[in-house]
Amino acid sequence: MTTPALLPLSGRRIPPLNLGPPSFPHHRATLRLSEKFILLLILSAFITLCFGAFFFLPDSSKHKRFDLGLEDVLIPHVDANRGAKNPGVFLIHGPDEHRHREEEERLRNKIRADHEKALEEAKEKLKKSREEIRAEIQTEKNKVVQEMKTKEKKPLPPVPIPNLTGINGGDPESSDIRKKREKIKEMMKHAWDNYRIYGWGHNELRPIARKGHSTNIFGSSQMGATIVDALDTLYIMGLLDEFRDGQKWIEDNLDFSVNSEVSVFEVNIRFIGGLLSAYYLSGEEIFKIKAVQLAEKLLPAFNTPTGIPWAMVNLKSGVGRNWGWASAGSSILAEFGTLHMEFVHLSYLTGDPVYYKKVMHIRKLLQKMDRPNGLYPNYLNPRTGRWGQYHTSVGGLGDSFYEYLLKAWLMSDKTDHEARKMYDDAIEAIEKHLIKKSRGGLTFIGEWKNGHLEKKMGHLACFAGGMFALGADGSRMDKAGHYLELGAEIAHTCHESYDRTALKLGPESFKFDGAVEAVAVRQAEKYYILRPEVIETYWYLWRFTHDPRYRRWGWEAALAIEKYCRVSGGFSGVKDVYSSTPTHDDVQQSFFLAETLKKISPELTSTPNPPLFAEEDWP
């Protein structure tokens, strides 16, 4: 049985891998030195040399023998604590003692000469004017920058690009589908062109204010998140001029040596995922190089007592921390559990096993931990290795962890049995404790909080309908039909959450309490921010069954977005899907271009693929 092209959280096409043993070292970018830092370095060196002259130069008038205490590090083949002046000091003995003493004296003489030379250089430096010193500092800075650029251009090891299918489609046979596909492409052009005009280089766009926008997940820098995130959609839709514009900006402007604190998770899925997807689609080496440069900047986030990464890391200093609201400083399951696919591909492309080892360590640690009722809590403390609050959800905080387990198995050509087992175990516990039917017959996925089920389902959890369908093939005890049906039931529930609003767009979350079903109750849950999860489930169910209702539902969502979210400067989320005159939030999310518009397109190949399940297996 075949499977469709894999689409990770950010809708990326990631081909299956067959990893061999890594054999190439990775390269770390050199940090730029600021002018103040170099001045401080020169002064510190001068002071150190002055004091060194007092403490290291011998008193020739008394001809004292002094001990540098360097025998243990400079001279090999020594015995410990034998005739030592102080415990732990290594002394040389035996027939080679005289030769070693001569070596020791040679080292002392070299140190004296180096210190005298350094003192003379420092004296000469102090005789120079401020302008001369600044000019020398600038010369050193330019030298460091040039060395860094040379290092960045060092080619990565060549690896074969797996053959991808389904990205070069012609026109669908149906004229109706062709028109709908062109409409989605026009919507993509509208979103991209306005970002190009009003927000170019910024992370996102404010389409009503017509200016750039960013949030704390990207830090304080302008990293062009929309550009990187949208590359694969542009390529797949055949918008190659726009793709090349994005590539040019990345070549000239995308710099990760910035003093900026970013979300490890968001930067991984949007930037590393976006760059790797663009590389696999186009073969352009710059995307691979930039992905590796960024990944190296994320590695310090793993420097915790447990190896569970921090949620945030400063790209320049490497200092990490967690969100203040996350259960007493815990890391989040959906964040540290959504690195696997990108990091495995990084090891494949670079030959450096460090990325693979980091994510496999996370998996091994999780396997050893006890799980309440077989469920994975959303919070894990990276210092203690203990669970935080016992809160489990398939929506926000947990969602993509389960998705990546399944797709790790698929990406390995179904050889990563460990990932498949973890997925199956987790899904069985989720079905037992979280998946329920409402009084009206709607299947929903609730949230487990401290031993109780909260009958609320988030928009983010709606991706699970597609995940259940994707994981049906290969499920235990030949339950493929069961999981395909479960996926269809979730798709139906999420469609109802759209259909029961004034705008025919779904709220951020919805309840199943009493007479209220698939409807948001709190005002803070009534917004729609151009999310893709419901449409993603339609896309999977359409590809697996070719049941026309999923394509119809996707088109309904497209029309609603076009009618209520489109503004002259792009597309905006809305604050209340139950109001017939909605207020816009004035944000065009990068994932709208990367995911929503890609998955909403009715069909991207000229000849539709056959359904992956026979009609008699349809729910």
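A polar contact is a pair of N or O atoms within 3.5 Å; within protein, one must be able to donate a hydrogen and the other to accept it. The legends below refer to a predicted model.

View 1. A polar atom of the Ser-412 side chain lies 2.8 Å from the backbone oxygen of Trp-409. Ser-412 has a relative accessible area of 13%, and the limit for buried is under 20%, so Ser-412 counts as buried.

**View 2. The open sheet β15-β16-β17.** Three strands make up this open sheet, in the order β15-β16-β17, and their pairing is antiparallel. Strands β15 (456-458) and β17 (516-519) are the edges, each with pairing on one side only. From one strand to the next, the twist averages 15°.

**View 3. Pairing of β16 with β17.** Strand β16 covers residues 509-513 and pairs with β17 in the antiparallel sense, over three bridges. Lys-511 has Val-519, in β17, as its bridge partner.

**View 4. The protein as the setting of the close-ups.** The protein has 619 residues, of which 53% count as buried. Its secondary structure comes to 19 helices and 19 strands. Among contacts with a separation of 6 or more, 70% are between residues 24 or more positions apart. The accessible surface of the protein is about 28000 Å², and carbon and sulfur atoms account for 53% of that surface.

Conventions
Residues numbered from 1 in each chain as written. Predicted model: local features only at pLDDT ≥ 70, side-chain atom pairs only at ≥ 80, totals over all residues. Heavy atoms only, no water. Helix = DSSP H or I, 4+ residues; strand = E, 2+ residues; numbered from the N terminus. Buried < 20%, exposed > 50% of the residue type's maximum accessible area, 1.4 Å probe, protein only. Contact = heavy atoms within 4.5 Å. Areas by Shrake-Rupley, 256 points an atom, 1.4 Å probe, with all protein chains shown as cover. Pairing = 2+ DSSP bridges. Axes fitted to C-alpha atoms, helices over the stretch in contact; angles between N-to-C directions.
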